[in-house]
Every structure is written in C-alpha cells, then in structure tokens.
Amino acid sequence: MSERLPAPDVSRFPDLDDRHVRIVDEGTPLARIFAAGGRHPTTWNGLRSFGPTSSRFDHQPPPSHDHPTRRVMYGAVAVADRQGVVYPTLKTCLAECFRDRGIVELRRDDPCYTQFRAVRPLQLLDLSDSDWVTHAGGNAALTSGPRSRARPWARAIYRRYPTIDGVFFASSNIPNARAFALWERAENALPARPSLNKLLADPGLRPAIETYAFELALDLDLA
C-alpha cells in the first residue's frame, strides 16, 4: 500500500541544514519544455504566475488565479546519480510533460525544448536525496503521490524557508532522474539567453525524441 502524505505541520520543519539544501552550481545544465504557442504561450525563461494548477509544487494559494508575486518554473537538471550517470534532461522533460497524456505531441501549442545554465548557484530544498522529508513529518508520497496533497507542502516550504530558490526532487516518472521547481526567487539566476532553444518538431531533435518516446512507452504524434 502506498503511503498517504499528511498535511504539512510547519512546527516540525527543521532549521535548514547543509545536508538538506542541494546547491546546483553555476553553469549546471538545466532544461525544460514550454509552449511557445496556443492559448497560454510563454518564453524559455517565463515563470508561470497563474495557479495553483495541477502541477505538484505550485506554491500559489488557492483559488486559482494570477499571482504576480508567486511564479514557478519546472524542469530537469543534469546531475550525476550515485553511479556517476547523468540522466538525459530531454528524456526527463518528455516524461514530465507528456506521461499523463501518453503521447508526445510535437506540434500542438508549438512545444519547445530549451537548455540553459544558471548564472549563480541555486539553493534548492532537497526532497529526494536528503532526510529532510523524514524530519519534516512527510514521506515519499511528497514526490510520487497525489499532486494535490503536495501543493500545501510547497506553500508551507515557501513560507518556512525564505532563502531557498525552489525544490529539487526525483521525477515521479523516472526515479533516477532529478527535476526542479524554481520559484520567483530564482529569477535573477536565469541567464540572458539559453544555450539551446528548439521546437520539439525540429528535425535535429527527432532521433532522440523517437528513442526516448519508445523507452518511455509514449506514442509519438508527428502531425
């Protein structure tokens, strides 16, 4: 039986220890997929102010509407696991963006894949490779259980730790891969331009996308 995530009790949240904070060094590759078209287009460095949505670590308070002072961006980070292997960020992003739909749509809303490198170190609360969750009274369902129960934790973490830039966590779709949710505090860490920014429909990405879609058991819509 899977664990049920309790409601957050901020009184149990420990003072931050170095072991609880994942420092993502300046220059570490970060990546995300975003919609450049459709009803709600954004840019490679755009943080979403509308929320909370169905995403796991939206820190906006309900009900859902525009929160100009609380913005969020999700993506994947290229860090080595205990065996020294760096999981491909494109594969992580495809899983995070399309696993719920079961199909990678290369053209709907003009999805783009972007890579960039932070211009300063990011301080992220480590929810998967530290014991913070245990000390805080939570469990693994924070990163793998129902997202609706994780969002109150995101709001509590945001209030309790005003110096962190966001959270660092294991992808619920690929446990070996690491992902991030950056909050507006991290906006000044974003570079002036990305190191890569391509439409998913770009022919140069096609071989990797086809391989990763097959490995993730995702259909591929080429229309």
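Buried means under 20% relative accessible area, exposed over 50% and partly exposed in between, with a 1.4 Å probe and protein chains only. This is a predicted model in which local features need pLDDT of at least 70 and side-chain atom pairs count only at pLDDT 80 or more, while totals for chains, interfaces and linings use all residues. Residues are numbered from 1 along each chain as its sequence is written, and side-chain values use heavy atoms, with hydrogens and water left out.

**Stop 1: the cysteines**

Select C112, which is buried with a relative accessible area of 7%. A disulfide is a pair of cysteine sulfur atoms within 2.5 Å, and by this rule the count is zero. For C112 the nearest cysteine sulfur belongs to C97, 12 Å away. Now select C93, which is also in no disulfide; its nearest cysteine sulfur, again that of C97, lies 6.0 Å away. C93 is buried, at 3% relative accessible area.

**Stop 2: the sheet**

Switch to a cartoon view. Helices (H or I, at least four residues) and strands (E, at least two) are DSSP runs, numbered from the N terminus. Two strands pair if DSSP finds at least two bridges between them. Eight strands form an open sheet with mixed pairing, in the order β1-β8-β9-β10-β5-β2-β7-β11. Its edge strands, each pairing on one side only, are β1 (21-24) and β11 (196-199). Strands of a sheet pair through backbone hydrogen bonds, either parallel or antiparallel.

Select β1 and β8 (residues 122-126): they run antiparallel and are joined by four bridges. Within this pair, V21 has L125 of β8 as its bridge partner.

Next select helix α1 (residues 89-98). It lies across β2 (29-35), β5 (72-77), β7 (111-117) and β10 (178-183), and runs at about 35 degrees to β2. Such axes are lines fitted to C-alpha atoms, for helices over the stretch in contact, and angles run from 0 to 180 degrees between N-to-C directions. Contact, or touching, means heavy atoms within 4.5 Å.

**Stop 3: the nonpolar cores**

A nonpolar core is a set of buried Ala, Val, Leu, Ile, Met, Phe, Trp, Tyr and Cys residues joined through side-chain atoms within 4.5 Å. The largest has 24 residues, of which F57, L127, W132, L142, I157 and V167 touch the most other members. The largest share, six residues, comes from α4. Center on L142: leaving out residues up to four places away in sequence, it touches L5, R56, F57, L127, W132, V133, A150 and W153. A second, separate core of 21 residues includes F98, Y113, L205 and A213.

**Stop 4**

Select E184, in the loop between β10 and β11. Is E184 buried or exposed? At 12% relative accessibility it counts as buried. A polar contact is a pair of N or O atoms within 3.5 Å; within protein, one must be able to donate a hydrogen and the other to accept it, and residues adjacent in sequence count only if both atoms are side-chain atoms. The side chains of E184 and Y158 make one of 2.3 Å. A polar atom of the E184 side chain also lies 2.9 Å from the backbone nitrogen of R71.

Finish on R71, in the loop between β4 (65-66) and β5. Its side chain makes a polar contact of 2.4 Å with the side chain of E187. Beyond four places in sequence, the residues that R71 touches include L47, H59, L182 and W183.
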